[in-house]
Protein chains: 2
Amino acid sequence: MPLELPIAGTAPPERHDAARNRARVADAAAKLFRECDDPAEVDMRAIASEAGVGVGTLYRRFGDKTSLAVSVLDTRARELQEAVLSGPAPLGPGAPAEERVEAFLHALVDHTEEELELVYAVVLLGGFGLGPYAAWRLHLRVLAEQVAPHFDADWLAEALLAPLHPSLYRHQRRERGLTTDEIKQQLTQLARAVYGSRR
Amino acid sequence: MPLELPIAGTAPPERHDAARNRARVADAAAKLFRECDDPAEVDMRAIASEAGVGVGTLYRRFGDKTSLAVSVLDTRARELQEAVLSGPAPLGPGAPAEERVEAFLHALVDHTEEELELVYAVVLLGGFGLGPYAAWRLHLRVLAEQVAPHFDADWLAEALLAPLHPSLYRHQRRERGLTTDEIKQQLTQLARAVYGSRR
DNA sequence: ACATAACCGGAACGGCGTTCCGCTTCGGCT
DNA sequence: AGCCGAAGCGGAACGCCGTTCCGGTTATGT
């Protein structure tokens, strides 16, 4: 009779080789999603062979293709999330809401710029509302409430986030050639118009 | 030796049965795209059998699945396009640009409401920049230039259009329960904030 | 060293978009 | 009315891809 310690809600830890494979798969997926314009072109067999494992391993660790992409992006977005929740002002708490909005939008532009392909993959595979987008929308919603009470906070949060949708962002950056600074400036101007329009 | 009149750029007209089949396919596609939340669940065989034709016919007339969806949506959007180009003010020409912006955004909300599933299908299959979206962006761009010269007109046009992205619109309407009037009001308020913010 | 459970690879499955080709139908001409 | 070439047609077949499954393998605690 094996001695078990079934601590409620504590899953048994991964075996070491399993953890190593999970990391290999995550790296391979990140690499391949970045290399392709369209995440549909990245197939699971290619990720598996890049990682040096079988396809079964991908599914055992990540469930499905969408979750894999979300998981990879989550890793890259964690830094930003922590900065927002507990980092130095104005991105973190402590600054006036107006300044936090602008700092957050700028940080989001930088993040989108760096991780464009991954963000694109996640949005194309699973739509909005997935991965870090949910947290960002919530954050903006709270700030919007303070900064523009004459708007529906939820709607406004989405409206301010929408220009960062990867397909729009891509179009502005690549086809139209706007710089990240120009995009930041447009976003700031839009935000200021909003909270300068109390009626 | 057959007598030919090769008028440059004039394709020979469709045979009558071909035209009838094209209409059947378009109707069947419209019906099935409307019934499903996810256009990926509508497969070409189902459209063909609903239309009473073989799959080959779908491809001969429409090229591929994305083009089929675009073609169907284009038909429904033509009315709006004509109203904008040559209908009565303020939607059509003749009214001050500010009024035209608001009339256009309201009309677009109504259109999105009516054709949500088709719009969703087109965007999911082919992204932005397809079908009527291109025309709408151009129209808004021209108006934005006049109404808010302190913004990048192209960027602003996309930013104002973005909240009508079907996945955002859906979320606001279905999950959050906003009415179309409330959405129109938010959009109007955003537009007014923009052109009330000349600096 | 052994027992057991977790883990692994990759063949197999099912579904989908798309292509292909032998047959059918249309429609202008005599 | 009958003929004939071209346009059109249906649906089997193809290739790709996400996902599942299972017989063999490896790590880990005793």
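DNA strand D is surrounded by 23 residues, of which Asp43(A), Gly56(A), Val53(B), Gly54(B) and Gly56(B) are the closest, where a residue is near a strand if its C-beta atom, placed from the backbone, lies within 6 Å of it. This is a predicted model, in which local features need pLDDT of at least 70 and side-chain atom pairs count only at pLDDT 80 or more, while totals for chains, interfaces and linings use all residues. Residues are numbered from 1 along each chain as its sequence is written, and chains are lettered from A and ligands numbered from 1 in the order in which they are written.

**Surface near DNA strand D**
- Helix 1 and helix 3 of chain A, together with helix 1 and helix 3 of chain B, each give two or more residues to this surface; helices (H or I, at least four residues) are DSSP runs, numbered from the N terminus.
- Helix 3 of chain B gives the most to the surface near DNA strand D, namely four residues.
- Sorted by class, this surface has eight nonpolar, six polar and nine charged residues, where Ala, Val, Leu, Ile, Met, Phe, Trp, Tyr, Cys and Pro count as nonpolar, Asp, Glu, Lys and Arg as charged, and the others, Gly among them, as polar.

**Surface near DNA strand C**
- Around DNA strand C there are 21 residues, and those that come nearest are Val53(A), Gly54(A), Gly56(A), Asp43(B) and Gly56(B).
- At least two residues of this surface come from each of helix 1 (16–35) and helix 3 (55–62) of chain A and helix 1 (16–35) and helix 3 (55–62) of chain B, and helix 3 of chain A gives the most, with four residues.
- The surface near DNA strand C has six nonpolar, six polar and nine charged residues.

**Cis peptide bonds**
- Most peptide bonds are trans.
- In chain A, the bond from Ala89(A) to Pro90(A) is cis, with omega near 5 degrees, and Pro90(A) sits in the loop between helix 4 (65–86) and helix 5 (97–114) of chain A.
- In chain B, a cis peptide bond with omega about 5 degrees joins Ala89(B) and Pro90(B), and Pro90(B) is in the loop between helix 4 (65–86) and helix 5 (97–114) of chain B.

**Helix packing in chain A**
- The axes of helix 1 of chain A and helix 6 (residues 116–126) of chain A come within 8 Å and cross at roughly 95 degrees; axes are lines fitted to C-alpha atoms, for helices over the stretch in contact, and angles run from 0 to 180 degrees between N-to-C directions.
- Helix 1 of chain A is therefore roughly perpendicular to helix 6 of chain A, a term for angles of 65 to 115 degrees.
- Ala30(A), Phe33(A) and Arg34(A) of helix 1 of chain A and Glu117(A), Leu118(A) and Ala121(A) of helix 6 of chain A make the contact, with two residues in contact if their C-beta atoms, placed from the backbone, lie within 7 Å.

Notes
Angles under 35 degrees count as roughly parallel, over 145 as roughly antiparallel, 65 to 115 as roughly perpendicular and the rest as oblique.
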